[in-house]
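Look over the sequence and the model first, then try each task before you read its solution.

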Amino acid sequence: MKVSVERSLCYGSAECAHRVPAVFAFEDGYGVVRPGGADAAEDARVREAVLEAAEKCPSQAIVLTE
Ligand code: SF4
């Protein structure tokens, strides 16, 4: 699964970084995918958390592709 954040949509709630710190960080007021974060999302438990983070992102800025 590929994970990215569409910065133009993100409004900086930081929820993704709090929910899944192994994958997301909060930098300069935006949620970002950590270097190597997409690899972490291959773990089944982390993947579930990423799916939930995407669902709960208030601006639907987290983009997941297979
Ligand atoms: S949860 Fe969504 S809006 Fe909030 S920082 Fe992450 S990507 Fe941005």
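A cavity is a set of points, on a 1 Å grid over the protein atoms alone, where a 1.4 Å probe fits but cannot get out, and its lining residues have an atom within 4 Å of a point. Grid points are joined across faces, edges and corners, and a volume is the space filled by probe spheres set on the points.

This is a predicted model, where local features need pLDDT of at least 70, side-chain atom pairs count only at pLDDT 80 or more, and totals for chains, interfaces and linings use all residues. Residues are numbered from 1 along each chain as its sequence is written, and side-chain values use heavy atoms, with hydrogens and water left out.

**Exercise 1.** Describe the largest cavity and its lining.

*Solution.* Step one: searching the whole structure gives one cavity of 30 Å³ or more. Step two: the largest cavity holds about 110 Å³ of space. Step three: 15 residues line the largest cavity, and C10, S13, A14, C16 and C57 lie nearest its centre.

**Exercise 2.** Find where the ligand sits, and which residues come nearest.

*Solution.* Next, 14 residues are around the ligand (a heavy atom within 4 Å), and C10, S13, A14, C16 and C57 come nearest.

**Exercise 3.** Work out the order of the elements in the protein.

*Solution.* First count three helices and four strands (DSSP runs: H or I, at least four residues; E, at least two). Then read from the N terminus: β-α-β-β-α-α-β.

Note on methods: On a 1 Å grid over the protein atoms alone, a cavity is a set of points where a 1.4 Å probe fits but cannot get out, and a pocket is an open set with protein on both sides within 12 Å along at least five of seven lines; lining residues have an atom within 4 Å of a point.
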